[in-house]
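Here are my notes on the model you sent over. Have the structure open while you go through them.

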Amino acid sequence: MKRAIYPGTFDPMTYGHLDIIERAAKIFDEVTVGVLDNKEKTPLFSVEERVNILKEATKDLPNVKIESFGGLLSEYCKAQDIHIAIRGLRAITDFEYEFQMSMMNSKLSHNELETVYLNTTLKYSYLSSSSVKQIAQFGGELEDFVPKSVAEMLYERLYKK
Ligand code: PNS
């Protein structure tokens, strides 16, 4: 059985993330979406909120499960017996950071964790969680980028009238 993890901060999940999850679910037998619980960073959404948003969005994908993790990805994968990490690539500018992270994960896992990149679908190639937060701050339209319930949460927290 081919199992993979799609790790990220998902603060919040966008349709770009969902697109990667849906495509990964067609390639792998089981996809764990790993939501980073980083005590040092202060994300807009708590880890519980981020997990719940992803659970709701993926409820019709039977081979996708949502989990949170803390610490090193390589350690979490070792404990879960997962050997493939999926990352989405939007543009060449993502590559340097992703390449470094993949090399580091390879090293830390003693070559037990392989990174597989999926290129983002063209219509989401400019989309990021940070741009979505910025749009929300100024009351811009979010319907093409995140589910309605997520847009409402974003406006509630960020929109300054
Ligand atoms: O959505 P993001 O913020 O680009 O995801 C980054 C993430 C969560 C995949 C990455 O920061 C991560 O794996 N963090 C856990 C700590 C770790 O393992 N770091 C070593 C690799 S450089």
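1. Is S128 buried or exposed? S128 counts as buried because its relative accessibility is 18%, where buried means under 20% relative accessible area, exposed over 50%, and partly exposed in between (1.4 Å probe, protein chains only). You'll find S128 in the loop between strand 5 (114-119) and helix 5 (129-137). Helices (H or I, at least four residues) and strands (E, at least two) are DSSP runs, numbered from the N terminus.

2. A word on what you're looking at. This is a predicted model, in which local features need pLDDT of at least 70 and side-chain atom pairs count only at pLDDT 80 or more, while totals for chains, interfaces and linings use all residues. Residues are numbered from 1 along each chain as its sequence is written, and side-chain values use heavy atoms, with hydrogens and water left out.

3. Have a look at P12 next. S128 and P12 are 116 residues apart in sequence, yet their C-alpha atoms are 9.2 Å apart in space. P12 belongs to the loop between strand 1 and helix 1, and the peptide bond from D11 to P12 is cis, with omega near 0°. For context, most peptide bonds are trans.

4. L73 has a polar backbone atom 2.8 Å from a ligand oxygen, and R87 has a polar side-chain atom 2.8 Å from a ligand oxygen. The protein covers 73% of the 550 Å² of accessible area that the ligand has on its own (Shrake-Rupley method with a 1.4 Å probe; for residues, only the protein chains shown count as cover).

5. Where does the shell come from?

6. D19 lies in helix 1 (residues 15-27) and counts as buried because its relative accessibility is 11%. The side chain of D19 makes a polar contact with the side chain of T121 at 2.6 Å. A polar contact is a pair of N or O atoms within 3.5 Å; within protein, one must be able to donate a hydrogen and the other to accept it, and residues adjacent in sequence count only if both atoms are side-chain atoms.

7. Over in strand 5 there is T115, buried at a relative accessible area of 16%. T115 and A85 are 30 residues apart in sequence and 4.7 Å apart in space, C-alpha to C-alpha.

8. Last, some backbone angles. Most residues other than glycine have a negative phi. D81, in the loop between helix 3 (73-80) and strand 4 (84-89), has a positive phi of about 60°. N111 has a positive phi near 65°; N111 is in the loop between helix 4 and strand 5, and counts as exposed because its relative accessibility is 64%.
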